[in-house]
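Here are my notes on the model, as numbered points. Please read them with the structure open.

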Amino acid sequence: MVYRGPYRVRVEEKDRPSIEHPNDAIVRVTRAAICGSDLHLYHGMMPDTRVGMTFGHEFVGVVDEVGPSVEHLRPGDRVMVPFNIFCGTCFYCARGMYANCHNVNPNATAVGGIYGYSHTTGGYDGAQAEYVRVPFADVGPSLLPDWMDEDDAVLLTDAVATGYFGAQLGDITEGDVVVVFGAGPVGLYAAKSAWLMGAGRVIVIDHLDYRLAKAAEFAHAETCNFTEYDDIVVHLKKITGYLGADVAIDAVGAEADGNLLQHVTAAKLKRQGGSPVALNWAIDSVRKGATISVMGAYGPIFSAIKFGDAMNKGLTLRMNQCPVKRQWPRLFEHVKAGYLKPSEIITHRIPLEHIAEGYHIFSAKLDDCIKPIIVPNAA
Amino acid sequence: MTYTPEKPALPRSIEELRATIPGWGADLDPKFRPAVPQERLDPDLSGAHWEFPERQPEKWPRERSIEHQFLTPVFGTACPPRGASGKIRRYAYAKYSEARAAHWLLLIAADRVDTVESTLRSFVSRRPDNPLTETGIRTEFTRGGLSSRVGRKRADVVHHPLDPVIVAAPWVLGAAVTYAAIRRLTRGRRGEQTTDR
């Protein structure tokens with residue numbers, strides 16, 4: 001697929017990617033996904049999203065070719081590839097902060113490298129394609145375990161790991177009340193992961209009933225459709241004994257609905273790094289001294305966030321892109337134990353040649369879409 | 001109770017949660033949560049066999065943030081800057097750090113210029129843009145465009161009418177400007193011909 005401008009993508013023949021660094025591999029994609037944060041690109045929200053770019057950072061595939069210094073992979077290996085591109089040895093990688101690698105993104109210092117994202121994450125083409133260049137092939141990818149299904153694996157390359165990371169950053173302790181804003185894939189996995197960490201109550205907020213139904217069934221969560229209340233913050237206070245939640249997870253990010261003014265200034269006029277409606281609701285609805293974990297993706301420009309309230313309430317705000325590979329060993333154990341079944345949220349399988357339709361279905365939330373998977377032609 | 005030391009009671013007891021939710025509390029102890037030293041699949045081997053990686057060849061002057069000391073050893077080569085948008089991008093990277101709003105506003109402006117440039121370029125290529133089909137709009141009719149929205153209390157329905165305006169407005173504006181320019185040109189030529197006679 002290639003991006004042609006806001007709200008426009010199409011299928012195009014591009015040159016097969018080539019080895020550009022001795023530790024590169026070329027991977028033939030067998031499964032890719034469209035992520036909620038791809039929609040920020042699709043809507044033209046992220047600066048330096050160039051026409052001709054191929055999106056896609058959630059993928060698994062088969063190694064097709066390796067560079068001369070690749071030691072741990074061979075052509076024919078089935079691999080799952082974390083959405084982060086990272087070198088393994090810089091200051092940040094050495095501390096397990098793979099999402100913050102300093103050696104892969106010349107365009108910015110605030111964020112590491114990501115496949116198929118705006119050029120502010122390094123200008124790498126993504127995996128909603130037949131083939132993709134995988135830098136640092138000895139470091140990023142892992143061999144797909146024999147027992148793991150490809151559909152589960154593709155979701156572990158971002159959505160599951162990010163949801164789990166969101167719960168982890170919440171520092172949940174036994175019996176905590178956790179409120180999750182957003183019932184998209186990351187929100188669903190964050191809700192599910194909160195239980196693993198001993199939450200006493202998990203409440204998921206969204207405006208789409210079908211997603212809330214999934215949150216109740218898949219993630220055993222209580223649900224609230226915020227459109228049914230005059231003020232969702234007051235409602236959350238009421239149902240938590242007027243204390244507020246102990247932990248809030250923002251799994252919405254830049255395109256939050258619920259406030260037309262914020263949506264227009266941020267999502268439409270691009271004068272904010274994202275509509276902070278969900279984040280502000282999170283700040284307002286937690287108790288004093290609570291922790292807020294931000295997993296929703298925001299752009300680099302400032303946003304109108306209620307920082308004064310966060311300060312006065314003594315909140316701890318934690319956030320980052322997920323260091324996916326760091327999460328995998330434990331997540332593999334949970335999948336094996338049956339505590340997590342990632343592929344249960346897949347609702348649509350879309351051939352690569354229908355990518356424009358796939359993006360529209362996901363973006364406009366048609367047909368009760370929760371998570372679309374792209375099946376490339378060569379898969 | 002909020003106004004007393006106790007926390008409000010949970011709707012379900014911990015014992016009930018443990019019995020009904022698969023895996024409840026499996027990572028209750030923070031030592032099970034992925035972090036240092038659980039950061040690697042094999043703690044002795046990240047896979048890297050370098051301290052500083054070999055450098056990728058720079059085939060053209062690669063734009064970079066001025067907050068970086070030098071070009072990172074590995075980088076993407078997806079869409080090198082080109083045309084007027086490329087000039088804006090290069091200027092934004094060369095002049096302003098990530099801390100400056102000008103940096104990001106210039107990049108956003110370059111994105112819009114890039115869209116126009118690329119669309120015009122496509123019209124003289126073998127594969128011109130199709131501004132309609134590329135939006136995937138067909139699915140509005142095949143995947144329940146109406147039923148997915150009507151009677152569902154969706155918050156985003158309020159702004160959905162804006163989306164087509166944002167997508168279509170530049171096209172309509174572009175067509176109007178082109179029409180006006182052609183009209184002016186042909187009128188001017190007719191005027192010249194009249195004068196010649």
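1. The structure holds six cavities of 30 Å³ or more. A cavity here is a set of points, on a 1 Å grid over the protein atoms alone, where a 1.4 Å probe fits but cannot get out. Volume is the space filled by probe spheres set on the points, with grid points joined across faces, edges and corners. This is a predicted model: local features need pLDDT of at least 70, side-chain atom pairs count only at pLDDT 80 or more, and totals for chains, interfaces and linings use all residues. Residues are numbered from 1 along each chain as its sequence is written, chains are lettered from A and ligands numbered from 1 in the order in which they are written, and side-chain values use heavy atoms, with hydrogens and water left out.

2. The largest cavity contains about 70 Å³ of space. Its lining draws on chain A, including V177(A), R201(A) and D246(A), and on chain B, including K7(B), P8(B) and P11(B). Lining residues have an atom within 4 Å of a point. By class, this lining has seven nonpolar, two polar and three charged residues. Ala, Val, Leu, Ile, Met, Phe, Trp, Tyr, Cys and Pro count as nonpolar, Asp, Glu, Lys and Arg as charged, and the others, Gly among them, as polar.

3. The second largest cavity has about 60 Å³. It is lined by 11 residues, and M45(A), P47(A), Q272(A), G273(A) and G299(A) are the closest to its centre. Six of the lining residues are nonpolar, four polar and one charged.

4. Now the second largest pocket, with a volume of about 1,100 Å³. A pocket is an open set with protein on both sides within 12 Å along at least five of seven lines. It has 45 lining residues, and K14(A), D15(A), G52(A), T54(A) and D125(A) are the closest to its centre. Two or more residues each come from β1 (2–5) and β8 (131–134) of chain A and from α2 (83–95) and α3 (101–123) of chain B. The largest share, four residues, is from α3(B). Helices (H or I, at least four residues) and strands (E, at least two) are DSSP runs, numbered from the N terminus. The lining divides into 14 nonpolar, 13 polar and 18 charged residues.

5. How many residues of chain A are in contact with chain B? The count is 113, against 100 residues of chain B (contact means heavy atoms within 4.5 Å). The two chains bury about 8,800 Å² between them, 54% of it on carbon and sulfur atoms. Buried area is the accessible area (1.4 Å probe) that two parts lose on being put together, summed over both. In chain A, R8(A), R50(A) and P106(A) lose the most area to chain B, together 8% of what that side buries.

6. The rule finds 14 salt bridges across the interface of chain A and chain B. A salt bridge is a side-chain nitrogen of Lys or Arg within 4 Å of a carboxyl oxygen of Asp or Glu. One to inspect is R8(A) with E134(B), at 2.8 Å, N to O. Over all chains, the structure holds 39 salt bridges. R8(A) lies in strand β2 of chain A and E134(B) in the loop between α3 and α4 (139–142) of chain B, so this pair joins two chains.
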